[in-house]
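Work through the exercises below with the coordinates open. Each task is followed by a solution in steps.

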Amino acid sequence: QRSAHYLSAMMGVWGVGDAGGGRGERSKVWKGVCATVGREDLLADPRFTDTSARARNQDALREILEAIFADADAPTWLARFRAAGVPCAPINTYSEVLADPQVEH
């Protein structure tokens, strides 16, 4: 699934163990992502040191992160990212959207 923004590798939809979740990007957010997934080494990787580098190497980054994300389900990753202050959101099915109290009329 290709949904990343062409200038920002972390902006888009990422596969997790049971569904998708969206995440945005800024330098502080990137540090939070790396810490949350236990891969602080990615901060020093020349392919991912800044937004432009991550955008140029988003296929490699996607491969690395999705392998990690596959180890847990969406609620687990969402809880971890939220606890770390990393903006994130689930990708809901139509039935989940319609059941959300925010959209009930």
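**Exercise 1.** Which residue's side chain meets that of R62 in a salt bridge?

Solution. The model is predicted, with local features needing pLDDT of at least 70, side-chain atom pairs counting only at pLDDT 80 or more, and totals for chains, interfaces and linings using all residues. Residues are numbered from 1 along each chain as its sequence is written, and side-chain values use heavy atoms, leaving out hydrogens and water.

Step 1: apply the salt-bridge rule (a side-chain nitrogen of Lys or Arg within 4 Å of a carboxyl oxygen of Asp or Glu). The partner of R62 is E66, at 2.8 Å from N to O.

Step 2: locate the pair. R62 and E66 lie 4 residues apart in helix α3, so about one helical turn separates them; helices are DSSP runs of H or I with at least four residues, numbered from the N terminus.

Step 3: classify by relative accessible area (buried under 20%, exposed over 50%, partly exposed in between; 1.4 Å probe, protein chains only). R62 is buried at 10%, whereas E66 is partly exposed at 26%.

Technical notes:
Helix = DSSP H or I, 4+ residues; strand = E, 2+ residues; numbered from the N terminus.
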